[in-house]
Amino acid sequence: MGKEILTVVDLKKHFGTPFGTVRAVDGVSLSVREGETLGLVGESGSGKSTVAYVISGIYRPTEGSIRYREHEITKATKKRSRSLKKEIQIVFQDPGSSLNPRRSIKQILGGPIRVYSDRKTTQWSNVVAALLETVGLPIEYMHKYPRELGGGEKQMVAVARALATNPSFVVLDEPTSALDVSVQANVITSLMELQNEFELTYLFITHDLSLMRNMATSVAIMYLGKLCEVATTEDFFQSPLHPYTRMLLSSIPTVSDEEEALKPKTIQSSGEIPSPINIPPGCSFHLRCPEKEGICTRVDPIMIDMDETRSVRCHLYTESSRGSAERE
Amino acid sequence: MTRELLQVHNLRVGYKVFDGMLQVLDGIDITLCGSERIGLVGETGCGKTTTAKTVAGVLSIPPASILAGDVYCGGSLLVKGGFSRFKRDFARRVSMIYQDPTAALNPVFTVGAQLMDAIKHSTFGGQLSAGAIRQRALKAFEDVALPDPERILKSYPVQLSGGMRQRVCIAMALAVDSEILIADEPTTSLDVTIQDQVLRLLGQLVEDRETATILISHSLGLVRTWTEHVYVMYGGTLMEAARTQSLFENPKHPYTQGLIAAIPKLTGGGISRGIPGRIPDYLNPPKGCRFSPRCPNAMPVCDSERPAPIDVEPDHWVKCHLYQEG
């Protein structure tokens, strides 16, 4: 395993609204090692996209720190150095709206090349052609407009745009949730091949756990702005610890009996994710948790390290904290 | 399993556009028997929703037009020879749950008012007093496990969460005691945990009422857990149909096989490269099998000749030249 490339410590991002403060991200700590894919999974409203945006510098964090290699990057993109901006790129969810419909693919890909490379402008076309080749699209596509491409092809253009600056860290914010499975499969395999080729590190955001199983080296589960469980993919699917993780796994529709056997049987999904304006006291999951106890409604559990690669945030695994809280 | 409730025979539907006629549906044959649950799977743009809309009688004509085909519902003819004879009584036999509950509900009326309207205009609605309609509405909300039905009755759609809105739509579809329920991607806009809850609930309700159901979805996983019989659709034609178990254990059509291989599995082991290419251009659809331009096993005959359904097992047919005898 490589060394840590990105470390996020106690990251918070709050948004002020007329109805109260939305605590979209409320104390997330995670680290990504070089060359791995960290999967960040959660339901809509869990704050996973906000984490992506904060890391890529679109939002400025309210609190906490982000370290990239040796640099402290806890500031908005405008204040990040150009060499740093080059390093961290993002691919958005919907290629239909993340690509400018009035620009040709050449112009779209030329943008980041012009800004970040020292090449003379005359050489654009070659670089654009090389980029298209890298992501497996025909070179003629540089003269097309986004509307002329299919969903999967558009997403590959968005990937090419992210790779144009030669980054080492790419944030993928649900890159395939707008695509059909047959197209998704192609985009995902291409992404994995590109990762090997360019030694990329991915932060992969999705709500699809089965996709995560095939893509990620480790997985972090997010619920209402906080992480519930972090583990390597193997451990995670073999023995999910957090009740929310088990609930998520049990809800996945499967296509074979072997898969069905991997789903936890003892738990059924219930309840809905509460509003991030009114986060319940204690453990934010206690309203839906089938294993909740008295303490869960009062004390928010802290992240406990089970072993080197695995940590979970649940009172079920903190005998000591349960004891001390009862005493209070 | 007893009587045939709905029969769609050789249905062809097109959409008129500036450049000509989009030949979307091309020969759809579906049979739905009493209290059966069937699934219609396919990718975006394969005509699933057009099929549903035609059967439910909510297809907007024009721009759409029914080019050919018959649709029978409980012995009466809804569409004959491409001519829609859709009447109000038929509309009452079929109810539909739409993909996006936010768009399906009118934002300026309370969900209670919309539900009570639906009940008032149902087969039995005419004989009910306002109080009785209200009671039925409350009962319908209770059935779909919505907490505090009195309060929900007075809520506007914006005040409810996505899962609750879809429950309201399910309540509306089931409160009118229709014989056929068409659920068009009922959980696509919902999270997995909510999807699981909504489908479990819907399954329970249609089982109790013995409503025949057509589940339309792009998710093979959903269809596998939820239906008894599956139709696989591609480019406006049916490719394969079988009992659900037999389809997933023994998929025959290259498209079905490709689709199943493309799904990321919980067991890991990577995923395939998917199916190359795009859905056919409906203005000029391929003359033979509509899947042939993308098919890994395409033969010369596939480009020119349309395959006929071939029985490969009892209750399992496939439209593919690969299985043609001789």
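Which side chains meet in a salt bridge at 2.5 Å, N to O? Select Arg224(B) and Asp257(A): their side chains form that salt bridge (a side-chain nitrogen of Lys or Arg within 4 Å of a carboxyl oxygen of Asp or Glu).

Before going further, a word on what is on screen. This is a predicted model, in which local features need pLDDT of at least 70 and side-chain atom pairs count only at pLDDT 80 or more, while totals for chains, interfaces and linings use all residues. Residues are numbered from 1 along each chain as its sequence is written, chains are lettered from A and ligands numbered from 1 in the order in which they are written, and side-chain values use heavy atoms, with hydrogens and water left out.

**Stop 1: the interface of chains A and B**

The rule finds 1 salt bridge across it, together with 15 residue pairs in polar contact, both residues at pLDDT 80 or more. A polar contact is a pair of N or O atoms within 3.5 Å; within protein, one must be able to donate a hydrogen and the other to accept it, and residues adjacent in sequence count only if both atoms are side-chain atoms.

Now color the side of chain B that touches chain A. The elements that give two or more residues to this side are α7 (162-175), α8 (192-209), α9 (220-226) and α11 (254-262) of chain B. Helices here are DSSP runs of H or I with at least four residues, strands are runs of E with at least two, and both are numbered from the N terminus. Of these elements, α8(B) gives the most, with 7 residues. By class, this side of chain B has 13 nonpolar, 14 polar and 9 charged residues. Here Ala, Val, Leu, Ile, Met, Phe, Trp, Tyr, Cys and Pro count as nonpolar, Asp, Glu, Lys and Arg as charged, and the others, Gly among them, as polar.

For the overall extent, 36 residues of chain B are in contact (heavy atoms within 4.5 Å) with 44 residues of chain A. The two chains bury about 3,400 Å² between them, 52% of it on carbon and sulfur atoms. That buried area is the accessible area (1.4 Å probe) that two parts lose on being put together, summed over both.

**Stop 2: inside α8 of chain B**

Stay on α8(B) and select Asp196(B) and Arg200(B). Their side chains meet in a salt bridge (3.1 Å, N to O), and the two residues lie 4 apart in the helix, about one turn. An α-helix has 3.6 residues a turn, so residues three or four places apart point the same way. Asp196(B) is buried at 18% relative accessible area, whereas Arg200(B) is partly exposed at 32%. Buried means under 20% relative accessible area, exposed over 50%, and partly exposed in between (1.4 Å probe, protein chains only).

**Stop 3: an aromatic pair in chain B**

Next, pick Tyr234(B) and Phe291(B). Their ring centres are 5.0 Å apart and their planes stand at 80°, so the pair is edge-to-face. Rings of Phe, Tyr and Trp (its six-membered ring) pair if their centres lie within 6.5 Å; planes under 30 degrees apart count as stacked, over 60 as edge-to-face and the rest as tilted. Tyr234(B) lies in strand β10 (residues 229-234) and Phe291(B) in the loop between α11 and α12 (300-304) of chain B, so the pair ties together parts that are 57 residues apart in sequence. Tyr234(B) is buried, with a relative accessible area of 2%, and Phe291(B) is buried too, at 1%.

**Stop 4: over to chain A**

Select helix α1 (residues 48-55) of chain A, where 6 of the 8 residues are buried. Among them are Val51(A), Ala52(A), Val54(A) and Ile55(A). The helix is followed by Gly57(A), whose phi is positive, near 90°.

Finish with Arg288(A) and Glu43(A), whose closest N and O atoms are 3.0 Å apart in a salt bridge. Arg288(A) sits in the loop between α11 (257-262) and β11 (304-307) of chain A, and Glu43(A) in the loop between β3 (37-41) and α1, so the pair ties together parts that are 245 residues apart in sequence. Both residues, Arg288(A) and Glu43(A), are buried.
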